[in-house]
Amino acid sequence: YPDAHFSLANTLLELNRVAAALPHYEEALRLRPSHLNTRHNFAQALVRIGRVDEAIAQFRLVLQLDPADRLAHIGLANVLAAQNQVDEALQHFAEVLRLDPDHVDAHYNLGTTLLQHGRPAEALEHFGAVLRQRPGHPDARLNLGAACLRLKRLPEAVEHFAAGVRMAPGDTRARNNLGLAFSALGRTAEAIEQFKESLRLNPDDALAREQLARLQATSVTPRE
């Protein structure tokens with residue numbers, strides 16, 4: 001009964017019992033080797049326990065069975081990017097966008113990969129594509145701000161990070177990035193305010209503590 005093994009494996013995976021799920025995926029695939037969802041979920045489980053080479057092989061098998069499988073392209077691209085095989089990862093993201101130019105996850109993951117590998121100008125387009133479809137996507141908004149910050153487009157970075165803070169007032173990433181953008185613009189008082197709020201939300205936030213100490217040290221007015 002491949003469906004029984006598949007369902008049990010999925011339940012175990014949802015419970016984070018990954019090692020227990022694997023034999024059931026394997027048995028389901030032995031009984032039904034061409035079932036794409038089983039093979040895809042098996043690959044994702046392998047990623048979660050660090051068996052990356054095996055996961056890559058499973059994603060490639062899915063794509064042999066169905067070259068247009070968008071989830072397999074994205075899953076494979078994410079693993080390849082994490083292994084610094086960036087060129088091939090970008091090819092898989094690009095293939096998803098060729099098949100579906102509005103695919104939100106492909107745009108987001110492609111933008112993130114470009115940003116992480118020092119290509120912020122190219123990343124802008126893809127985060128923008130996400131936000132045109134999902135204006136409330138907080139991570140795309142923050143990453144768009146990060147790309148602007150790296151490109152020294154500071155007023156735009158402030159705009160995006162401020163929007164991120166409005167979306168998620170308790171997200172210290174948004175506040176820290178907004179603080180960094182304010183600091184780069186010389187708006188020290190506003191930067192200090194953001195780092196203080198980050199520390200109120202998370203007293204262990206090392207970045208906020210470091211930046212606040214730096215700004216307070218440099219903004220002290222010397223006595224006459």
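In this predicted model, H107 is found in helix α7, which spans residues 104-116, where helices are DSSP runs of H or I with at least four residues, numbered from the N terminus. The model being a prediction, local features are reported at pLDDT of at least 70 and side-chain atom pairs at pLDDT 80 or more, while totals for chains, interfaces and linings use all residues. Residues are numbered from 1 along each chain as its sequence is written, and side-chain values use heavy atoms, with hydrogens and water left out.

H107 has a relative accessible area of 7% and is therefore buried (buried means under 20% relative accessible area, exposed over 50% and partly exposed in between, with a 1.4 Å probe and protein chains only). The side chain of H107 is joined to that of H126 by a polar contact of 3.0 Å; such a contact is a pair of N or O atoms within 3.5 Å, of which, within protein, one must be able to donate a hydrogen and the other to accept it, with residues adjacent in sequence counted only if both atoms are side-chain atoms. When neighbours within four places in sequence are left aside, H107 is in contact with L97, P101, D102, H126, A129 and V130, contact meaning heavy atoms within 4.5 Å.

The packing of helix pairs is considered next. Two packed helices are described by the angle between their axes and the distance between the axes. Axes are lines fitted to C-alpha atoms, for helices over the stretch in contact, and angles run from 0 to 180 degrees between N-to-C directions. Helix α5 (residues 70-82) packs with helix α6 (residues 86-99) at an angle of about 155 degrees, their axes being 8 Å apart. This makes α5 roughly antiparallel to α6, on a scale in which angles under 35 degrees count as roughly parallel, over 145 as roughly antiparallel, 65 to 115 as roughly perpendicular and the rest as oblique. The crossing of α5 and α6 is left-handed, a term used if the near helix is turned anticlockwise from the far one by less than a right angle, the clockwise case being right-handed. On the α5 side, R70, H73, I74, L76, A77, N78, L80 and A81 meet E88, A89, H92, F93, E95, V96 and L99 of α6. By class, this contact of α5 with α6 holds nine nonpolar, three polar and three charged residues, with Ala, Val, Leu, Ile, Met, Phe, Trp, Tyr, Cys and Pro counted as nonpolar, Asp, Glu, Lys and Arg as charged, and the others, Gly among them, as polar.

Helix α9 (residues 138-150) and helix α10 (residues 154-167) pack at an angle of about 160 degrees with their axes 8 Å apart, which means that α9 is roughly antiparallel to α10. α9 passes α10 in a left-handed crossing, and P138, R141, L142, L144, G145, A146, C148 and L149 in α9 meet L154, E156, A157, H160, F161, A163, G164 and M167 in α10. The contact of α9 with α10 comprises eleven nonpolar, three polar and two charged residues. P155, which lies in helix α10, counts as exposed at 59% relative accessibility.

For helix α11 (residues 172-184) and helix α12 (residues 188-201), the axes come within 8 Å and cross at roughly 160 degrees, so that α11 is roughly antiparallel to α12; the crossing of α11 and α12 is left-handed. The residues of the contact of α11 with α12 divide into six nonpolar, six polar and three charged.

Two loop residues have positive phi values. K152, in the loop between α9 and α10, has a phi near 65 degrees, a positive value in a residue other than glycine, and is exposed, with a relative accessible area of 67%. For N16, in the loop between α1 (2-14) and α2 (18-31), phi is likewise near 65 degrees, and N16 counts as exposed at 55% relative accessibility.
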